[in-house]
Amino acid sequence: MRTRCGMLLGSMLLLGLLTTPARAQVSVNVHIGEPPPVVVYSPPTMVMLPEPQMYVAVGVPYDIFFVSGRYYYFHGDHWFWGAGYGGPWTYVAVERLPPGLRRYKVKQLREFREREYRVYQVQGPNFGGRHFVAEDEDGDGDREHHGRGRGRGHNKH
């Protein structure tokens, strides 16, 4: 009888534990940090990509885009934003990116860049697409046409 009571009590306790919802909270805090600095010897040319409707740096070994008055830099599977093409960079979650950057995979953005850059290289000074020379965070660059690189661009004919 004692064994049966013990088993019954144990079963009831186990059943009670299994039906009680767990209320544990998990908190994860990940610090991505700042990527290595972007080092270019002259301000990069930013060319308009017609399909995603944003500017991209060409002729540099970095994935730098200009959208809505900000520069975005893709490095190490993470996105960062900054006021200038050289940073400083602040981590930005994918869901907080402008729609054009969220909509396309980085591979597609690179393909768009390479396609437009080939046209830019072939046409040289006669390039008919929108473009501008980027400015760093101190405001150096082609201020006359673009005012802190707000993406107005110009056509050089």
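Reply: Start with a turn in this predicted model. Four residues lie between β2 and β3, which form a hairpin, and Gly-59 in the turn has a positive phi of about 80 degrees.

Me: How do you know that β2 and β3 pair?

Reply: Two strands count as paired if DSSP finds at least two bridges between them. β2 and β3 (residues 63-67) are joined by two bridges and run antiparallel, so they meet that cut-off. Tyr-55 stands opposite Phe-66 in β3.

Me: Why is β2 called mostly covered?

Reply: Buried means under 20% relative accessible area, and five of the five residues of β2 (residues 54-58) are buried. Met-54, Val-56 and Val-58 point one way, Tyr-55 and Ala-57 the other. In a regular strand the side chains alternate between the two faces of the sheet.

Me: What makes β6 and β7 edge strands?

Reply: The open sheet has seven strands in the order β6-β5-β4-β3-β2-β1-β7, with antiparallel pairing. β6 (90-92) and β7 (131-133) each pair on one side only.

Me: How do you know that helix α3 touches β2?

Reply: Contact means heavy atoms within 4.5 Å. Helix α3 (residues 106-123) packs on the sheet, and β2 is among the strands that α3 touches.

Terms used. Residues numbered from 1 in each chain as written. Predicted model: local features only at pLDDT ≥ 70, side-chain atom pairs only at ≥ 80, totals over all residues. Heavy atoms only, no water. Buried < 20%, exposed > 50% of the residue type's maximum accessible area, 1.4 Å probe, protein only. Axes fitted to C-alpha atoms, helices over the stretch in contact; angles between N-to-C directions.
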